[in-house]
Amino acid sequence: MDKKILESKNYSLSYKIDNKKKYYILRNINIEIFKKQKVALIGESGSGKSTFAYSLLNLIPRDEIDFCGEINFYSDKICCKKKFLLNFSDEDELNHIRGNHISIIFQDPFSALNPVFIVGKQVEEMILNHNKKISNDELHLKTKSLLKSVKLQDIDIVYKKFPHQLSGGQLQRICIATSIANIPELLIADEPTTSLDAQLRVEVLDLINSFVKKNYMSLLLITHDLNIVKDYVDYVYILYAGEILEHGHGNVLSKNPLHPYTQLLISAYPDKTKKGKLLPVIEGQMPNLTEKKFFTRCIFFNRCPKKIEKCNSLVPDFYKAGDSFVKCFLYEK
Amino acid sequence: MKNSLLLKFDSVSKSYPVYSSILRRVMSRKLVLEKITFELEEGKVLGVLGASGSGKTTIAKLITKIEEEYSGRIILNNINIKNMTHKELAKNVSMVFQNPYSSLNPKHKIRFVLEERINQYAKLYNNKIDNYEIKEHILELLNYMKLPAEILSCYPHQLSGGQKQRIAILCAIILKPKLLILDEPLSSLDISLQAQILNYLIDIKQKYNLTYIFITHDQDLAEYFCDNIIKINKGVICENN
Ligand SMILES: Nc1ncnc2c1ncn2[C@@H]1O[C@H](COP(=O)(O)OP(=O)(O)OP(=O)(O)O)[C@@H](O)[C@H]1O
Ligand SMILES: Nc1ncnc2c1ncn2[C@@H]1O[C@H](COP(=O)(O)OP(=O)(O)O)[C@@H](O)[C@H]1O
Ligand code: SF4
Ligand SMILES: [Mg+2]
Ligand SMILES: [Mg+2]
């Protein structure tokens, strides 16, 4: 088995709303990513996916959050083997890790780029960040080959454009180029395709996938759509209201979902066998995460069609079922 | 019983001019739809399936007369749409766009958005409509789509994605169209929301006797939702079933 590259251990995070209130958005998250592994974090809007990704890179202002537990990054390339990024106070060193060792592709490519610089310069900036000694000619060549590798056409024209002059698909390719410029050990992609036209999504996923493979990188792919990523990833975590509810191998999990929430999620996909029938809908809403009283029972309790008596008063553990792990009393041995 | 024919495309071709950015003039034309022919009966759902850039949205633009230059005939209710005014067309056809986030003006409250729609409606019928009746209709629709009336005093950014998309659909059906064109209406929404919106669409279709054109790239979704599907590849229908 390959070595671990990232692990979060009982990691919890809350946003401070005001003096009295907190929003407990992530609770006891345990996630492991191994070298060369592709992992998906699946969750619906508001489940806390981006919060996890941003906090992992220490991108959320410290005074807005409280956290406990750990997120460790193990690198072969930096001398210190174990890095808990959230405890970093040295901005320079943090910046070096971001982009060079871990990098991120954001949900919205437009806001990820600087609107007042041409995109070519922004890619060069990223390369320079890693290698200050590179000559101008080399820099130019490297930038061009990067832009080519993300399958952009008319590279010389695109190079000189400002972000607002390019389409969503082109921008997302530029973002991918900047995030892989220095071949990071771990690439995080936060909904890299939601802002794109439907068909482009597959192309962009293919592109990310081929880079990760070619350069032996690890990938954390964050999305709400299990269907579209199941063929790309090795392992899947299902996040709901700030908690992992199930994890297992991508194909196993999508074919044979075990947690009532995952089951509902998957049965909501339309296909011809369901023709003429209404699709199942998950009734009700996510609990209000400012109130701790919801954390003393199963977090899916209020919406679960299969709940049993104890679900209302106890919090389930993870139970092993087949090759998956499920946080639900139905799988208690 | 055979339903009556609502829409007919008769050998429709459409090309866009290709400009040279250096010479600033039309260099050539790019054919995006070639001899498209199909029929759509009242009360049915026609799926238009195809990859990005295959010309799906162009079909919608032709029916709504956003693009008016093409060859062939488009017949709606036995009338060639070339002979219909935009006003007449608007009474019959309405559209929901791809992105729920861009179809609502962020500066206006939902109430304003809907009132605008009512005014539009009033103009279509030369103000010979009962405002009261329309307001009732809106409340009924809100209620029906399980949207609370308080939503009227919200701005778009205060609504969830699913609520915004329901408002967009509501806007499109206030005008009681015969034909509703849906261009990838779900692709930016969570799966569980997609299911909800699909259920609404099935329901209101029966209730208001609508006919749909459903544009999508997703084969499973099209097979679930549509009665007939045409597959477009590079501007040509390559499959019709
Ligand atoms: N700075 C903040 N202060 C307070 N609450 C916040 C802050 N940032 C995010 N939240 C809240 O935390 C919750 C999770 O947000 P997050 O952006 O992680 O969701 P997500 O799973 O990425 O959703 P989406 O798919 O819509 O991007 C949301 O309810 C959001 O309103
Ligand atoms: N206004 C326009 N001018 C020039 N070309 C256009 C215009 N609108 C669309 N096209 C081109 O027509 C083709 C079909 O576009 P469209 O109908 O939007 O496809 P789809 O909806 O299937 O993605 C694409 O190659 C697109 O670039
Ligand atoms: S623990 Fe109980 S309430 Fe929670 S998902 Fe399982 S059955 Fe449903
Ligand atoms: Mg997000
Ligand atoms: Mg389109």
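This is a predicted model: local features need pLDDT of at least 70, side-chain atom pairs count only at pLDDT 80 or more; totals for chains, interfaces and linings use all residues.
Strand E1(A) and strand E4 (residues 65-74) of chain A are joined by eight bridges and run antiparallel. Within the pairing, A:Ser14 has A:Asp66 of E4(A) as its bridge partner.

Strand E1 comprises residues 4-16 of chain A, and eight bridges also connect E1 to strand E2, residues 22-34 of chain A. The strands E1 and E2 are again antiparallel. Together E1(A) and E2(A) make a hairpin, with five residues between them. One position in this arrangement can be followed directly in the structure: A:Tyr15 stands opposite A:Tyr23, which belongs to E2(A).

Chain A contains eleven helices and twelve strands. Its radius of gyration is 21 Å, close to the 20 Å that the globule rule gives for 333 residues, and chain A is therefore as compact as a globular protein of that length. Along the principal axes, the C-alpha trace of chain A spans about 70 × 50 × 45 Å.

How much of chain A is buried? Buried residues account for 54% of the 333 residues. The contacts show how the sequence is brought together: of those in chain A with a separation of 6 or more, 64% are between residues 24 or more positions apart.

A:Pro257 is found in the loop between helix H10 (250-255) and helix H11 (260-267) of chain A. Is A:Pro257 buried or exposed? The relative accessible area of A:Pro257 is 12%, and the cut-off for a buried residue is under 20%, so A:Pro257 is buried. Apart from its neighbours within four places in sequence, A:Pro257 is in contact with A:Glu246, A:Val252, A:Thr262, A:Gln263 and A:Ile266. A:Met217 lies 40 residues from A:Pro257 along the chain, and the C-alpha atoms of these two residues are separated by 28 Å.

Note on methods:
Residues are numbered from 1 along each chain as its sequence is written. Chains are lettered from A and ligands numbered from 1 in the order in which they are written. Side-chain values use heavy atoms; hydrogens and water are left out. Helices (H or I, at least four residues) and strands (E, at least two) are DSSP runs, numbered from the N terminus. The radius of gyration is taken over C-alpha atoms; the globule rule is 2.2 Å times the number of residues to the power 0.38. Buried means under 20% relative accessible area, exposed over 50%, partly exposed in between (1.4 Å probe, protein chains only). Contact means heavy atoms within 4.5 Å. Two strands pair if DSSP finds at least two bridges between them.
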